[in-house]
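The following paragraphs lead through the contacts within and between the protein chains shown below. The sequence and the structure should be kept in view while reading.

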Amino acid sequence: MLPDDAVARIVEGAQSIGKICQSKGIGEWEVVAFQSYGHELDIEAGKITLAAGGGDGGYGVRVLDGGRFGYAHLVDVSGAEHAVSQAISIAKVSPAVEGFCLPQNQKSTDVLGRCDNRILDVSPEDLLEQADSILSEVASLDSRAVVTGGGVGVSATAGAIVTSQGILSSGITTSHGAGVQVSIDENDELTSAWESSSSRKLLKSIPDCIETSVHWAQCTRGPIEVDSQAVDCPVLMTSEGFSPLFSVCIPAAVRGEKLARKESFWSGNEGQMVLANDLTLIDDGLMEGGMGSSSLDGEGVPRQTQALVENGRLVGSMWSTRDSAQMVAEGRIEHAQSTGSASRGSHQSPPYTGCSDMILKSSKGGNSRDDLISLMDNGYIVHSVMGAHTANPTSGDFSVTTSTILKVVDGH
Amino acid sequence: MLKNIADSASDHEKVVSTTCGWSDEHIHTELLTSEGMDRVWSFQRSLVRGMVTARDDNEVVSYRTRYGGEGGLELIEACDLGQLGNDAMVAALRLLKAKRAPSGKMPLIADRDLTGVYIHEALGHPCEADLVAAGDSCLDGKLGQKIGSDIVTVVDDPTIRGGYGAYPIDDEGVNTRAKRLITNGVLTEYLNHRETAAHFGIEPNGGARAQDGLHHPLVRMSNTMIMGGNHDTIDDLMEDIDYGIYACGSRGGQVDTGKGSFQFAAQEAWLIENGELTTPLKDVSVSGLTLEILQNVNGLTRDAKLAAPGFCGKGQTVPVGDGGPIMRISEALVG
């Protein structure tokens, strides 16, 4: 899927752009490069409907002069002269951030499980076979069930970062994903459930999400009526139901600049209890096989495993190099430094502060689902929510709906 | 320009932060096909946005504003950006004092922004013929049937110049035209691209859009609007509501096209009591079933137009315009 020389080629390209920066007398510069390839299949109405594949990539160059930075991106190194000049001209008119320097090369920890060579060898025909297997599996689990949407896909990305501060890092990441919307439409009643799996490793032919999707399309049939008035009651949210809300509200709340600007609902609560005292929130940038983990962040700073909330107390925050310098320069905080939390959406945009692989865990250990249901006595189990992205990340408030919900009565 | 927004949006001690952004793009497309099509077209879009965060002790709120459309700098120059920033600040300060919304089924009045999001999510997506063909639309088999109240007429029109969802030619090279999705409550047309048009044995109607050259065209909306009705003002719509909600501005929404259920969130709202706006509310969400709510639309003001620009995600992200008049729904689930 990925050309053998993909990494060498983008490193060479990044270095040549770096040389142009040097030739123009730029003191600090950073070049990132990405080249990705992939193929995917779409499934609609129980059939494989579209096969697509292709590649994308390019270079991003950030230049820094006296705390003023400029950014430009390009597809081919032949456009490097123009892109570097553009970044310089942007830097000249950008406001200076006192104390903002690009990070130096630092010792980092290797993160395992970011590339599975088996994915590199997956062909479109292999994906066709997997999609066929998934369709057959759904039919065998329930003859009424149809995969109305979804698909499977694989991708591989070669990435590199080269900077004036001696950082040179490169590597390949892979990913494999599968998702299905399973519907059961019978007797004028439609139930459906969406489930997906993704991994840096090759998924098994029939990922677990397939059975789960059929299960939820089955077990939500024959719904009961409930009162639409508000009621306070226990709710057990499955990981799939909880994660979308969590990912809208929580990572934003622990971004350093959000806390410093008082834009977070946890601003002013540093060192205070913000969660139940058995809960700990960790951003693990070094998780083996983690989708957001890597040895270096988007600016070349070593990632780390960082406790943000420890036993309920807010103890940390996530920072990138620029945001930390800017907040200190603006006098919003006395001291801040990068926590290796710079992310990059692509080569087309400069780094921003974001989480890697964020986990919430309890010191009480894990309860089984049955235990939790038994403990709640009466309430609801919610497996997915609609409108998670409409949650308010500033206040943390949300009001969402669900159709994959079960009522719990007397612990059952 | 951005400083103009930021300065006017920051002019209060309780405003702790403002962020503003600008984006403009020039889209140039050249399409060559084995059928001999050789078409070239270009156009521009511009957008400014701002977000104001206000704080009072532990109460923190934010208000987002956007302005833009199809066009260049002249579009932004025509906007009073200082007023845009000030309005956002005033709204954020109002939210600081707002109460949480009541929950339950009640009459709802939606402003132009929210009406647009409603019609985009609840009706527009189920009208996309690729979803209809996939058996994933609650409107499957309902062409020609009455699905809404008599006053509901809905168009999707990429030819509205200045709309953020405008485009002159679709991404399969088909000339664009207005599509009348609902006419006086009757479902009259789906959105099609060439593949779905062939599936249904009809002509494509210019609904193919791709995020960019790296993506394949999907059936997408453009500028989607409910047409105006017979009421003059919001006061006319409110006068016979004893207890309800007036919801304004959008924080986005989502739809399950197969089940026909939807959810969308407002930026701010007011309680309506005895025909008057009373208590300001925040974090209001509305949900329901498309086929129920369309029947419950029982009042529209005359002045339909596009509201703030938006973006629609369907695996790919494309700019869209949504809007309409101020709309009254006799009963909606609010929370």
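This is a predicted model: local features need pLDDT of at least 70, side-chain atom pairs count only at pLDDT 80 or more; totals for chains, interfaces and linings use all residues.

In chain B, the side chains of R45(B) and E25(B) meet at 3.0 Å, N to O. R45(B) lies in strand β2 (residues 38-56) and E25(B) in strand β1 (residues 15-32), so the pair ties together parts of chain B that are 20 residues apart in sequence. R45(B) is buried at a relative accessible area of 8%, whereas E25(B) is partly exposed at 33%. A further salt bridge joins R194(B) to E35(B), with the closest N and O atoms 2.8 Å apart. Here R194(B) belongs to helix α6 (residues 194-200) and E35(B) to the loop between β1 and β2 of chain B, so the parts tied together are 159 residues apart in sequence. R194(B) counts as partly exposed at 34% relative accessibility, and E35(B) counts as exposed at 53%. Salt bridges with shared partners also join E30(A), R62(A), E299(A) and R344(A) into one network.

R62(A) leads on to the aromatic residues, since its charged end sits over the ring of F69(A), 5.8 Å from the ring centre. The structure holds nine aromatic pairs over all chains. One of them is formed by F69(A) and F100(A), edge-to-face, at 6.1 Å centre to centre and with 90° between the planes. This pair links distant parts of chain A: F69(A) is in strand β3 (residues 68-74), while F100(A) is in the loop between α2 (80-93) and α3 (117-120), 31 residues away. Both F69(A) and F100(A) are buried. In chain B, the ring centres of Y246(B) and W270(B) are 6.0 Å apart and their planes lie at 25°, so this pair is stacked. Y246(B) comes from strand β12 (residues 243-256) and W270(B) from strand β13 (residues 261-273) of chain B. Y246(B) is buried at 11% relative accessible area, and W270(B) is buried at 14%. Y118(B), F262(B) and F264(B) form one aromatic cluster.

Y118(B) also has a place in the largest nonpolar core, which has 44 residues; Y118(B), L123(B) and I245(B) have the most contacts inside it. The largest share of this core, six residues, comes from α4(B). That helix, residues 112-124 of chain B, is mostly covered, with 12 of its 13 residues buried. I245(B) touches residues including P102(B), M106(B), W270(B), L281(B) and V334(B). Another core of 29 residues lies apart from the largest one, and V7(A), A14(A), I17(A) and A83(A) are among its members.

Finally, the two chains meet at an interface. Chain B and chain A bury about 2800 Å² between them, 47% of it on carbon and sulfur atoms. The contact takes 37 residues from chain B and 36 residues from chain A. One salt bridge is found across this interface. The side chains of R100(B) and D397(A) meet in a salt bridge at 2.6 Å, N to O.

Conventions: Residues are numbered from 1 along each chain as its sequence is written. Chains are lettered from A and ligands numbered from 1 in the order in which they are written. Side-chain values use heavy atoms; hydrogens and water are left out. Buried means under 20% relative accessible area, exposed over 50%, partly exposed in between (1.4 Å probe, protein chains only). Helices (H or I, at least four residues) and strands (E, at least two) are DSSP runs, numbered from the N terminus. A nonpolar core is a set of buried Ala, Val, Leu, Ile, Met, Phe, Trp, Tyr and Cys residues joined through side-chain atoms within 4.5 Å. Contact means heavy atoms within 4.5 Å. Rings of Phe, Tyr and Trp (its six-membered ring) pair if their centres lie within 6.5 Å; planes under 30 degrees apart count as stacked, over 60 as edge-to-face and the rest as tilted. A charge sits over a ring if NZ of Lys or CZ of Arg is within 6 Å of the ring centre and within 35 degrees of the ring normal. Buried area is the accessible area (1.4 Å probe) that two parts lose on being put together, summed over both. A salt bridge is a side-chain nitrogen of Lys or Arg within 4 Å of a carboxyl oxygen of Asp or Glu. Lists of a residue's contacts leave out its neighbours within four places in sequence.
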